[in-house]
Amino acid sequence: MSEYSDDELINLFKTGNNPNYAFNLIVKKYQERLYWHIRRLVLIHEDADDVLQNTLLKAWLGLEKFQSNAQLYTWLYRIATNESLNHLNKQKRKSLFSFQSLEKQLSNQLKADSYFEGDEIQYKLQQALLKLPEKQRIVFNMKYFEEMKYEEMADILETSVGALKASYHIATKKIEEFLKSN
Amino acid sequence: MNDLEKIKKQTNPFKVPPGYFENFEFNPNPSTPIKKGFKKYAFVIYSFSLVLFFGIFYFLNKSNTPTNTITNESITEYLYWQDINEDDLIEAYDANDEQTLTASDEAIMDYLIENDIAITDINEEL
């Protein structure tokens with residue numbers, strides 16, 4: 001599977017007899033990275049699974065028109081980020097009808113989630129992350145957990161390296177302050 | 001070493017069900033996830049429409065229901081306060097009756113001739 005480059009996979013999808021097969025190769029290549037990117041944003045496994053399915057569906061529908069001058073990996077990450085943000089926005093709208101903020105809801109869900117095995121400090125880090133604005137949280141996750149280069153992040157998030165550095169710096173400060181005070 | 005550096009050295013706290021990535025399947029059927037979302041909304045819209053429909057039906061019916069029924073007592077009371085007595089009513093009835101029974105003079109004359117009724121007979125009767 002890994003012997004195929006992104007360009008080869010795209011060509012196979014567009015010109016081959018079996019686009020399903022080609023797309024499944026793309027899924028196998030990127031599913032895990034995309035999943036962890038989504039999971040760190042939406043936190044709950046079931047939600048991450050749904051968002052991943054939606055991400056792949058959007059990619060499936062849009063791959064025919066995909067321009068090969070852009071990187072497949074960057075494009076998929078962008079879709080995954082947008083889908084995660086859409087999911088969080090939907091949850092926010094739902095939380096308007098409950099008496100709990102989304103931050104509180106996710107924090108409680110995470111505590112009860114059988115697929116979260118973090119200790120106290122890891123749970124506190126997630127709480128601190130939930131307090132950040134979404135864009136800062138995305139930047140922090142990509143840099144801190146996924147160890148992405150600022151240039152890659154700039155391509156995915158369609159912003160400047162300088163803005164990303166500033167966002168990461170502010171996010172780190174806020175998290176450190178939260179961890180100290182709690 | 002600060003807290004963030006310590007946490008980074010720890011293992012990933014997020015887990016997935018066993019075999020999740022190995023058994024992961026993507027179903028490229030565009031209807032599946034979209035339909036799921038649509039169904040959720042359809043249920044909400046359907047419920048809301050039902051409530052709205054019955055709500056409107058109930059209030060319209062309620063407002064159309066006459067609040068006062070006409071009883072003999074209410075008619076009597078109305079006539080009393082409007083100063084209308086029994087004679088006025090009979091007069092009004094007769095006037096109405098005359099209007100409906102009005103016949104032309106020519107027709108009356110024809111009737112009297114056909115039945116051989118003299119004017120004197122009528123005067124006697126009156």
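**Labels and what backs them**

Author: Let's begin with helix α4 (residues 72-81) of chain B, which is hardly covered: among its 10 residues the count of buried ones is zero. Keep in mind that this is a predicted model. Just past α4(B), B:D83 has a positive phi of about 60°.

Reader: What share of the 126 residues in chain B is buried?

Author: Buried residues make up 8% of them.

Author: Buried means under 20% relative accessible area.

Reader: What makes the pairing of A:E83 and A:K58 a polar contact?

Author: The limit for a pair of N or O atoms is 3.5 Å, and the side chains of A:E83 and A:K58 are joined at 2.4 Å. Leaving aside neighbours within four places in sequence, A:E83 is in contact with A:V51, A:N54, A:T55 and A:K58.

Reader: And A:Q31, why does that one count as buried?

Author: Its relative accessibility is 5%, and the cut-off is under 20%, so A:Q31 counts as buried. A:Q31 sits in helix α2 of chain A. Apart from neighbours within four places in sequence, A:Q31 is in contact with A:L52 and, from the other chain, B:F21 and B:F24.

Reader: How do you know that A:D113 and A:R39 form a salt bridge?

Author: The rule asks for a Lys or Arg side-chain nitrogen within 4 Å of an Asp or Glu carboxyl oxygen. The closest N and O atoms of A:D113 and A:R39 are 3.7 Å apart, which meets that rule. A:D113 lies in the loop between α5 (102-112) and α6 of chain A, while A:R39 is in helix α2 of chain A, 74 residues apart. Both A:D113 and A:R39 are buried.

Reader: What about A:E158 and A:R78: which parts does that pair tie together?

Author: Their side chains meet in a salt bridge at 3.7 Å, N to O. A:E158 is in the loop between α8 (150-157) and α9 of chain A and A:R78 is in helix α4 of chain A, so the pair ties together parts 80 residues apart in sequence. Exposed means over 50%, and A:E158 has 61% relative accessibility, so A:E158 counts as exposed.

Reader: How many salt bridges does the structure hold over all chains?

Author: Six. One of them joins the side chains of A:K131 and A:E103 at 2.7 Å, N to O. Across the interface of chain A and chain B, though, the rule finds zero.

Reader: Then what makes up the contact between chain A and chain B?

Author: It takes 39 residues from chain A and 26 residues from chain B. Together the two chains bury about 3000 Å², 63% of it on carbon and sulfur atoms. Eight residue pairs are in polar contact across the interface. On the chain A side, α2(A) gives the most, with 11 residues. By class, that side has 19 nonpolar, 10 polar and 10 charged residues.

Reader: Which residues touch the most other members of the largest nonpolar core?

Author: A:F23, A:L72 and A:I175, out of 68 residues in that core. α2(A) supplies the largest share of this core, 12 residues. Beyond its neighbours within four places in sequence, A:I175 is in contact with several residues, including A:L125, A:F140 and B:L4.

Technical notes. Residues numbered from 1 in each chain as written. Chains lettered and ligands numbered in written order. Predicted model: local features only at pLDDT ≥ 70, side-chain atom pairs only at ≥ 80, totals over all residues. Heavy atoms only, no water. Contact = heavy atoms within 4.5 Å. Buried area = accessible area lost by both parts, 1.4 Å probe. Polar contact = N/O pair within 3.5 Å; in protein donor to acceptor, adjacent residues only side chain to side chain. Helix = DSSP H or I, 4+ residues; strand = E, 2+ residues; numbered from the N terminus. Nonpolar A, V, L, I, M, F, W, Y, C, P; charged D, E, K, R; others polar. Core = buried A, V, L, I, M, F, W, Y, C linked by side-chain atoms within 4.5 Å. Buried < 20%, exposed > 50% of the residue type's maximum accessible area, 1.4 Å probe, protein only.
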